[in-house]
Amino acid sequence: MPAYPAIRILIVDDDPASVQIMARALKSVCRCEFALSGPQALERLAADRLPALILLDVMMPEMDGYALCRTLQADPRLKDIPVIYVTASQDPDSETHALEAGAADFIPKPINPPVLRLRVGLQLQLREREQALRDSEARFERLAHYDTLTGLPNRRLLADRLHQAMAQTKRRGRHLAVAYLDLDGFKDVNDRHGHAIGDQLLVAVANHMNQALREGDTIARLGGDEFVAVMIDLEYRDAIAPLLNRLLAAAAAPMPVGDLVFQVSASLGVALYPQPDEVDADQLLRQADQAMYQAKLAGKNCYRVFNADQDQRTRRVHENPERIRRALVAREFVLYYQPKVSLRSGDVIGAEALIRWQHPERGLLLPQEFLPVIEDDPLAAELDEWVIETALTQMDVWQANGVDLPVSVNVGARQLRQSDFVARLRALLAMHPGVKPASLALEIREISAMRDLAHVSRVVADCRELGVSCALDNFGVGYSSLTYLKQLAVTALKIDRSFVADMLNNPDDLAIIESILGLATAFRLQTIAEGAETPEQGERLLQLGCELAQGYGIAHPMSADAVIGWLADWPPSPHWIHLFLDRRCTLLSDLTQ
């Protein structure tokens with residue numbers, strides 16, 4: 001008979017002599033603990049570690065064996081522990097009563113030690129086999145639903161979770177995103193170092209990406225170096241951006257494998273749900289896969305959002321521009337505000353007002369989904385004026401709460417071409433005497449300035465006389481002509497986010513930023529970098545001499561109500577501040593030598 005010395009059983013008997021006889025008989029089979037009553041047994045069973053088997057006397061005071069066994073059967077935690085009744089009762093129905101109460105076996109007294117060892121050993125073997133069967137079922141279940149290499153969910157479990165997530169998303173009125181990832185450069189690792197090293201790298205990258213997700217999100221491995229992430233419970237569609245950036249950063253982090261360190265990246269395609277037209281889970285995966293290939297074509301280590309419905313949405317709005325006018329009357333437009341900070345000190349220097357359409361059917365829409373439609377329509381000027389008036393009103397509200405926050409607004413070409421633009425701006429400022437004109441700034445796109453440089457130059461000069469400053473937005477993506485830098489009385493240049501995004505990896509983008517900073521220095525203009533997302537970008541901008549920035553690394557655009565709370569909690573990055581202090585100390589040291 002196999003021995004089970006490490007296995008614990010519980011003897012429940014009010015006769016100490018019987019307990020001693022059973023413990024001695026089972027010494028080579030298991031380790032025995034005891035209780036002298038039913039209540040004492042329940043106290044012992046309250047512990048986390050449960051016995052493998054219970055030897056239970058039937059005839060006991062306070063609580064007999066039948067009552068105790070029924071109590072055990074009613075407890076989900078205890079009901080699977082096998083019970084062997086041990087009794088001196090001469091009742092011929094005792095064994096029947098015992099089995100009906102849930103006992104696994106029945107042994108009469110006086111105890112026959114060899115029979116006791118045989119019966120207990122048999123029950124322990126049966127329990128061991130049942131446990132092995134449960135373990136085997138659990139392993140099979142895991143193999144059926146989880147990737148054997150990384151431990152992540154596989155395609156089958158991903159399908160189940162995606163279906164559930166889509167149903168929940170629809171019920172809650174939220175959004176979800178499906179991200180299809182393919183690792184860049186992984187094939188080279190496999191080819192140069194072998195599949196064993198490649199597998200270790202896959203495990204490391206998988207763990208890193210899994211940790212980058214929120215609780216409730218899922219990342220699955222489809223096979224090879226392809227993964228799919230399902231990100232749920234998004235309040236609005238563009239809330240996905242920081243999660244995608246975290247995934248990209250996690251995939252691109254240096255990964256130690258043995259004595260080697262590898263660094264790959266990921267191309268990521270995203271499909272969002274719900275969509276204007278109903279789609280199923282398979283369609284979402286196909287859309288995300290298509291977008292992933294667009295990310296590959298765009299240079300890798302980036303993400304692209306599937307937008308096949310964009311043309312349909314644009315056509316729907318374009319066919320009925322009156323809908324936008326009705327939205328303005330119905331107050332469906334709102335302003336979000338994105339803070340601007342000094343990378344040198346961490347001080348908040350202002351915020352940019354960004355229009356959003358709170359569409360009653362399609363949710364929160366970004367400007368690119370409706371502004372291009374009315375670019376050459378008089379409605380564009382009306383909407384721009386609404387933005388200025390709303391921003392001024394909000395500044396009044398903030399000032400009443402003790403917050404003096406300068407705000408910049410975007411103005412389009414049509415509004416600038418209005419002959420009475422400056423007069424209307426003056427009237428708006430007069431309606432808000434508590435707002436200093438210097439607290440308002442206008443941001444003008446390069447292309448808007450080039451359409452009528454002479455007229456825009458006069459407008460900018462007149463605005464400056466009012467005390468309202470102007471900045472050239474998206475600088476570097478248009479003509480960047482020295483001619484209009486000379487003619488326009490702007491006070492700042494905004495470096496386009498497309499250059500900042502790749503400045504650490506793309507020498508051309510870095511060279512463009514250096515050139516813009518050189519122009520700004522020559523014309524004594526401020527520079528503000530858009531799209532600052534990481535401390536490393538902030539540090540590099542400081543090194544180049546650009547001290548003002550905005551971007552997701554600082555804050556996402558937020559509602560007006562959220563701004564005051566954000567200002568109270570804003571912690572400037574110590575990396576950026578320390579770098580500036582080190583740089584300032586170096587400059588002072590150089591001057592004193």
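## A buried Lys–Glu pair

Lys494 and Glu530 join their side chains in a salt bridge, 3.4 Å from N to O. Here a salt bridge means a side-chain nitrogen of Lys or Arg within 4 Å of a carboxyl oxygen of Asp or Glu. Lys494 sits in strand β19 (residues 492-495) and Glu530 in the loop between β20 (526-529) and α21 (535-544), so this contact ties together parts 36 residues apart in sequence. Helices (H or I, at least four residues) and strands (E, at least two) are DSSP runs, numbered from the N terminus.

Lys494 is buried at 0% relative accessible area, and Glu530 is buried too, at 4%. For the cut-offs: buried is under 20% relative accessible area, exposed is over 50%, and partly exposed is in between (1.4 Å probe, protein chains only). Both residues also belong to a salt-bridge network with Lys340, Glu352 and Glu443.

## What the numbers rest on

This is a predicted model, where local features need pLDDT of at least 70 and side-chain atom pairs count only at pLDDT 80 or more, while totals for chains, interfaces and linings use all residues. Residues are numbered from 1 along each chain as its sequence is written, and side-chain values use heavy atoms, leaving out hydrogens and water.

## Other salt bridges

In total, the structure holds 24 salt bridges. One of them pairs Asp184 with Lys296 at 2.7 Å, N to O. That one links distant parts of the chain, with Asp184 in strand β6 (residues 175-184) and Lys296 in helix α10 (residues 281-297), 112 residues apart. Asp184 is buried, with a relative accessible area of 8%.

Then there's Asp105 with Arg119, whose closest N and O atoms are 3.3 Å apart. Asp105 belongs to strand β5 and Arg119 to helix α5 (residues 113-145), 14 residues apart. Asp105 is buried at 15% relative accessible area, whereas Arg119 is partly exposed at 30%.

## The parallel sheet

Strand β5 also takes us to an open sheet of five strands, ordered β2-β1-β3-β4-β5 with parallel pairing. Its edges are β2 (31-35) and β5 (105-108), each pairing on one side only. Neighbouring strands are turned by 20° against each other on average, ignoring direction; axes are lines fitted to C-alpha atoms, for helices over the stretch in contact (heavy atoms within 4.5 Å), and angles run from 0 to 180 degrees between N-to-C directions.

Strands β1 (residues 8-12) and β3 (residues 53-57) pair in parallel over four bridges; two strands count as paired if DSSP finds at least two bridges between them. Leu10 has Ile54 as its bridge partner in β3. Helix α2 (residues 38-45) lies across β1, β2 and β3, running at about 130° to β2.
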